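Please have the sequence and the model open side by side while reading. The paragraphs below go through some helix pairs, a pocket and a few backbone features.

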Amino acid sequence: MEDCIIIGAGPAGLTAAIYLARFHLSIRLFDCGSSRAALIPRTHNHAGFPGGIPGKELLALMLAQAESFGARRELAEVSAIVPSDDGFEVHVGQGAAIFRARTVLLATGVLNNRPDMPAEEHDAALARGLLRYCPICDGYEVTDKRVGVIGTGEHGMREALFLRGFTDDVTLIAPGAAHDLDAACRATLEEAGILHVDGPCTPLRVAGDAIVATTPGGELHFDSIYPALGSRIRSDLAVAAGARASEDGCLEVDDHQRTSVSGLFAAGDVVKGLDQISHAMGEAGVAATTIRNLLDERRPIRR
């Protein structure tokens, strides 16, 4: 019986592992190896790294720190979380090995919906900054550049407006044949000087230092394109265990990161809030400390 099983080894999961290991608790850390943070070519808004740091390097440093206190990451996919009388049964791997824990912390994050583009070309464009997914993270890097946003409706409009704070050359391109924009959205875009172009616009292609969207009206060349196509929140395990989630799938937690299932916690992008590394790490610190105090109430922790 572990004190806590952590599911996911992105910034939230690894932060929790550092805290819990330093609390002298017994933990297991399961990870399927698909953290969004690993896709970041170089983050410049994570405090403490003036020159920026690649996502993979940041994760490696965090894992090394967790391991220095005894935590170990196990590459395996969790298939189920089953509440039991004294905690949880966590089913892992194809053989469905079962591990028991007094508490569980879910830090599984989200997956971005990608535009129609071959995987290798997509990843190469992402590495070069031709494709970007987070204007909060890297809007600064497109200052005064040509920017395309693939999206429509209110969500697409909001992303285009956010980017308008960095450049006056923003075009909102419909992912489908025509935009789903009401009169108010169109008026807002026009007032901001944002073009809106009907699609479809994929597959995208790289041409030299530009990324090109081919629309019915012709080719559009950009320095960067932001897909505003939504994401899939990886909350299925917690929801199946009985945890409440919002309409879009984000887990509902209290101010101590507790889900509606006793002993089941969540932190990071799987929780509704700001999808940022610093925010995920803060939530993980809160969750880990709450887990420690909860376990101490049940059975005093003594050395």
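This is a predicted model: local features need pLDDT of at least 70, side-chain atom pairs count only at pLDDT 80 or more; totals for chains, interfaces and linings use all residues.

**Helix pairs, a pocket and backbone details**

Helices α1 and α8 cross with a right-handed sense. Helix α8 covers residues 277-298, and its axis comes within 8 Å of that of α1, at a crossing angle of roughly 35°. On the α1 side the contact involves Pro 11, Ala 12, Thr 15, Ala 16, Tyr 19 and Leu 20. These residues meet Ile 277, Ala 280, Met 281, Ala 284, Gly 285, Ala 288, Thr 289 and Ile 291 of α8. Sorted by class, the contact of α1 with α8 consists of 11 nonpolar and three polar residues, with no charged residues.

The crossing of α1 and α2 is left-handed. From α1, the residues in contact are Pro 11, Leu 14, Thr 15, Ala 17 and Ile 18, and from α2 they are Leu 59, Met 62, Leu 63, Gln 65 and Ala 66. Eight residues of the contact between α1 and α2 are nonpolar and two are polar, while no charged residue takes part.

Helix α5 spans residues 153-163 and helix α6 spans residues 183-192; their axes come within 10 Å and cross at roughly 15°. The two helices are therefore roughly parallel to each other. Their crossing is left-handed. Glu 154, Met 157, Ala 160 and Leu 161 are the contributors from α5, and they meet Cys 185, Thr 188, Leu 189 and Ala 192 of α6. This contact comprises six nonpolar residues, one polar residue and one charged residue.

Next comes a pocket. What is the volume of the second largest pocket? The value is about 170 Å³. The lining of the second largest pocket includes Asp 3, His 24, Leu 25 and Arg 102. Also lining this pocket are Leu 295, Arg 298, Arg 299, Pro 300, Ile 301, Arg 302 and Arg 303. By class, the lining has six charged, four nonpolar and one polar residues. Leu 295 and Arg 298 in that lining fall within the residue range 277-298 of α8.

His 24 sits in the loop between α1 and β2 (27-31). Asp 144, likewise not a glycine, has a positive phi of about 60°. Asp 144 belongs to the loop between α4 (135-138) and β8 (147-150).

Which peptide bonds are cis? One runs from Gly 199 to Pro 200, with omega near 5°. Another joins Thr 202 and Pro 203, where omega is about 10°. Pro 200 lies in the loop between β10 (195-197) and β11 (205-207), and Pro 203 is likewise found in the loop between β10 and β11.

Methods: Residues are numbered from 1 along each chain as its sequence is written. Side-chain values use heavy atoms; hydrogens and water are left out. Axes are lines fitted to C-alpha atoms, for helices over the stretch in contact, and angles run from 0 to 180 degrees between N-to-C directions. Helices (H or I, at least four residues) and strands (E, at least two) are DSSP runs, numbered from the N terminus. Angles under 35 degrees count as roughly parallel, over 145 as roughly antiparallel, 65 to 115 as roughly perpendicular and the rest as oblique. A crossing is left-handed if the near helix is turned anticlockwise from the far one by less than a right angle, and right-handed if clockwise. Contact means heavy atoms within 4.5 Å. Ala, Val, Leu, Ile, Met, Phe, Trp, Tyr, Cys and Pro count as nonpolar, Asp, Glu, Lys and Arg as charged, and the others, Gly among them, as polar. On a 1 Å grid over the protein atoms alone, a cavity is a set of points where a 1.4 Å probe fits but cannot get out, and a pocket is an open set with protein on both sides within 12 Å along at least five of seven lines; lining residues have an atom within 4 Å of a point. Grid points are joined across faces, edges and corners, and a volume is the space filled by probe spheres set on the points.
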